[in-house]
Amino acid sequence: MMNIPCPFCGPRNEAEFAFGGPVKPRRPDPNATSDDEWADYLTQVPNPLGPVEERWWHVKGCGTWLSIWRDTRTHDIVEGPGNAD
Amino acid sequence: MTPVVKGSDPDMPYDARIDRLPIYALFDLKGPKEALAAWSKDTLEFPNGPSRLKRRGSAALCHIGPNRWLLRDDLQNEAALSETLRPQDAPAEISIVRVSDTQTFFRITGPDALEVMSIGCTLDLHATVFGPDAVSYTEFFGIKALVLRCEGGFECAVEQSFGNMIEDFLTRAMA
Ligand SMILES: [Zn+2]
């Protein structure tokens, strides 16, 4: 079980949340990118061994959508790499 | 529901009482606090923070989410509240919806109220964490429920179609 920090409610049991999938990379400009890069953007889902940024919905709580960084090896909620996007 | 009371059966594991409550007047309020306050002509008294409620007379205004409040009052005040809040005329930036008949409330009181709540709810409801003005949507027996404190215990509300199921769960918990 994870204890997910909700910005409105504080830390809550994972069971109160619905998983929203990994955060996808930013949409490239279709006019400035190659076909390969565009196909990668459309079809590849981030699935690293290690920290991944994910969306979670506090559906049984306040209704907020939030992002966390979760380490896929340990389920630990970890610090993200910061605002380096 | 006949209230489930410990005194009626000495073998009951918990010293608590469960009541299924009559319908409350409920209004779901969405939008910026300032806009809601202005529209209600400052008749709403807002709580001072997330997951807090403010009581005034029989009414309680619960801060249940970002830009989201739930106003609860006795059913007899519903018409007067409708008149004040005028849901049908609300401006575009706010939303006011009467949801009185969508929620079923239960009251769990007595010395073991916290123990009974803990069967179905993972939230830390100890008084040092969940104080007299605390309110939150959380999970209760696996479904979304509003939980708040009342005199001598807790009240919780579930979507009304789950009312009979939760009544059954609570009765079994007390058996
Ligand atoms: Zn929340």
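Mentor: In chain B, 59% of the contacts with a separation of 6 or more join residues 24 or more positions apart (a contact means C-beta atoms, placed from the backbone, within 7 Å). Keep in mind that this is a predicted model, where local features need pLDDT of at least 70 and side-chain atom pairs pLDDT 80 or more, while totals for chains, interfaces and linings use all residues. Residues are numbered from 1 along each chain as its sequence is written, with chains lettered from A and ligands numbered from 1 in written order.

The C-alpha atoms of chain B fill a box of roughly 55 × 30 × 30 Å along the principal axes. Of the 175 residues in chain B, 36% are buried (20 or more other C-beta atoms within 10 Å; exposed is 12 or fewer, partly exposed in between).

Now for your part. The largest nonpolar core holds 54 residues (buried Ala, Val, Leu, Ile, Met, Phe, Trp, Tyr and Cys joined through C-beta atoms within 7 Å). Strand β3 of chain B, residues 24-30, gives the most to this core: five residues. Domain 1 (4-22 + 102-174) and domain 2 (25-101) of chain B both contribute residues, so the core lies between them; these bounds come from an automatic or database assignment.

Inside the core, Cys62(B), Val147(B) and Cys156(B) have the most contacts. Leaving out residues up to four places away in sequence, Cys156(B) touches Phe106(B), Phe140(B), Ala145(B), Leu146(B) and Val147(B).

For orientation, chain B has four helices and 11 strands (DSSP runs numbered from the N terminus: H or I of at least four residues, E of at least two).

Conventions:
Contact = placed C-beta atoms within 7 Å.
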